[in-house]
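The following paragraphs lead the reader through a protein model and its ligands. Please keep the sequence and the coordinates at hand while reading.

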Amino acid sequence: MVTSQKDLLMNKQANNFFKKSPLVHCITNEVTCESMANALLYVNSKPIMAVDEREFKELFEQTDGLLLNLGHLSINRQEQLLAASQEALHTNKPTVIDVVGVSASSLRKKLALTLLENKPTVVKGNTSEMRNLCGLKSSGRGVDGDSSDQEKASLQELSETLKKWTQQYPATSFLATGETDIIVTPHTSYYLKNGVAELDQMTGTGDIVGALIASLLGQGIESEMSLVGAVSYFNLCGESALTHCKKPLGMADFRHELFNELSRLYKKDDWWQQVKGERI
Ligand SMILES: Nc1ncnc2c1ncn2[C@@H]1O[C@H](COP(=O)(O)OP(=O)(O)O)[C@@H](O)[C@H]1O
Ligand SMILES: Cc1ncsc1CCOP(=O)(O)O
Ligand SMILES: [Mg+2]
């Protein structure tokens, strides 16, 4: 049963998305850093990409949200992520952790589990990464998800496991992305169904979703609606972008139109009416 939009995304909330301009501190990978910064600017947010622990105390007094992305790991980056995670716990800063590449590296998985102890608001990854994090068999390769982890039984197994994790980590909500997105909070769970396959064929899409979640959290929107809103907004931009591309599709055209849509869709009052999904 598809839940009605008014249940999925309260229209009065959605019409306020991206009206405020939160300062979002991102510690992220060098592959998609510029895309993430521009995506935040395109939705009226202010990014600051800063990794030097010496400035964290001063920064945390000004920022509204924090994004920790494990995409480019090193000994220094691990220390930076741990220091920021500790400061976020100490200052109660809304925090998103993107467990990029955990299915490829036990180092990343160990770090992700350590960061989870600091009560982040959201932990996200693609479905394969989240299956690996939860100790489930995962077919992920590198930082990419695999469609076999999107089969109905796999989605159900992952959502049930994440529900148990919310009992162990009650301050945290979880997001697993893919053709179907799974959102699991301590109170409720969703399957979301917007988006297009092309979003899986360019780098940085999951990274940008993490940044959009941190932006909505930084606007004071609670985690459940920040998750439904960020994933749905991004995926609806993907759907609209595809309609603006000439055929046969060039992926650079799709990426260009996706960023165009990020900067304009939220200015349409009824964008949220296209949200597709269900409570599970
Ligand atoms: N096959 C697909 N169909 C529709 N949307 C997709 C598909 N694959 C990914 N997406 C969307 O693209 C975004 C990035 O997801 P994903 O590719 O799983 O993350 P990552 O880039 O971290 O691997 C999410 O919003 C997700 O819903
Ligand atoms: C290719 C790559 N390698 C390390 S981080 C990164 C980008 C991952 O971005 P996303 O998780 O959004 O696909
Ligand atoms: Mg990712």
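In which loop does Asn 44 lie? This model is a predicted one, and in it Asn 44 belongs to the loop that runs between helix H3 (33–42) and strand S2 (46–49). The backbone at this position deserves attention: although Asn 44 is not a glycine, its phi is positive, at about 70°. Most residues other than glycine have a negative phi. As for solvent, Asn 44 counts as partly exposed because its relative accessibility is 26%, and the partly exposed class lies between under 20% for buried and over 50% for exposed.

Asn 92 is located in the loop between helix H5 (75–91) and strand S4 (95–98). Its phi is near 60°, again a positive value in a residue other than glycine. Is Asn 92 buried or exposed? With a relative accessibility of 69%, Asn 92 counts as exposed, since the exposed class begins over 50%.

A further backbone feature concerns a peptide bond. Lys 247 and Pro 248 are joined by a cis peptide bond, with omega at about -5°. Most peptide bonds, by contrast, are trans. Pro 248 has its place in the loop between helix H10 (223–243) and helix H11 (251–264).

Helix H10 leads on to the ligands, for H10 and helix H9 (205–218) each supply at least two residues of the shell around ligand 1. The most is given by H9, which provides 3 residues of that shell. Which residues come nearest to ligand 1? Of the 17 residues around this ligand, they are Asn 126, Thr 177, Asp 181, Gly 206 and Asn 235. By class, the shell around ligand 1 comprises 6 nonpolar, 8 polar and 3 charged residues.

Polar contacts to ligand 1 involve both side chains and backbone. In the side chain of Asn 235, an N or O atom is 2.7 Å from an oxygen atom of ligand 1. For the side chain of Thr 205, the corresponding distance from an N or O atom to an oxygen atom of the ligand is 3.3 Å. Gly 178 takes part through its backbone, where a polar atom is 3.2 Å from an oxygen atom of ligand 1. On its own, ligand 1 has 550 Å² of accessible area, of which the protein covers 89%. Ligand 1 sits in the largest pocket.

The space taken by ligand 2 is likewise the largest pocket. Which residues are around ligand 2? They are Asn 29, Val 31, Thr 32, Gly 71, Val 143, Thr 203, Gly 204, Thr 205, Gly 206 and Asp 207. The shell around ligand 2 divides into 2 nonpolar, 7 polar and 1 charged residues.

Polar backbone atoms of Gly 204 and of Thr 205 are each 3.3 Å from an oxygen atom of ligand 2. At Gly 206, a backbone N or O atom lies 3.0 Å from an oxygen atom of ligand 2. The protein covers 79% of the 370 Å² of accessible area that this ligand has on its own.

Notes
Residues are numbered from 1 along each chain as its sequence is written. Chains are lettered from A and ligands numbered from 1 in the order in which they are written. This is a predicted model: local features need pLDDT of at least 70, side-chain atom pairs count only at pLDDT 80 or more; totals for chains, interfaces and linings use all residues. Side-chain values use heavy atoms; hydrogens and water are left out. A residue is near a molecule or strand if one of its heavy atoms lies within 4 Å of it. A polar contact is a pair of N or O atoms within 3.5 Å; within protein, one must be able to donate a hydrogen and the other to accept it, and residues adjacent in sequence count only if both atoms are side-chain atoms. Accessible areas come from the Shrake-Rupley method with a 1.4 Å probe; for residues, only the protein chains shown count as cover. On a 1 Å grid over the protein atoms alone, a cavity is a set of points where a 1.4 Å probe fits but cannot get out, and a pocket is an open set with protein on both sides within 12 Å along at least five of seven lines; lining residues have an atom within 4 Å of a point. A molecule sits in a cavity or pocket if more than half of its atoms lie within 2 Å of its grid points. Ala, Val, Leu, Ile, Met, Phe, Trp, Tyr, Cys and Pro count as nonpolar, Asp, Glu, Lys and Arg as charged, and the others, Gly among them, as polar. Helices (H or I, at least four residues) and strands (E, at least two) are DSSP runs, numbered from the N terminus. Buried means under 20% relative accessible area, exposed over 50%, partly exposed in between (1.4 Å probe, protein chains only).
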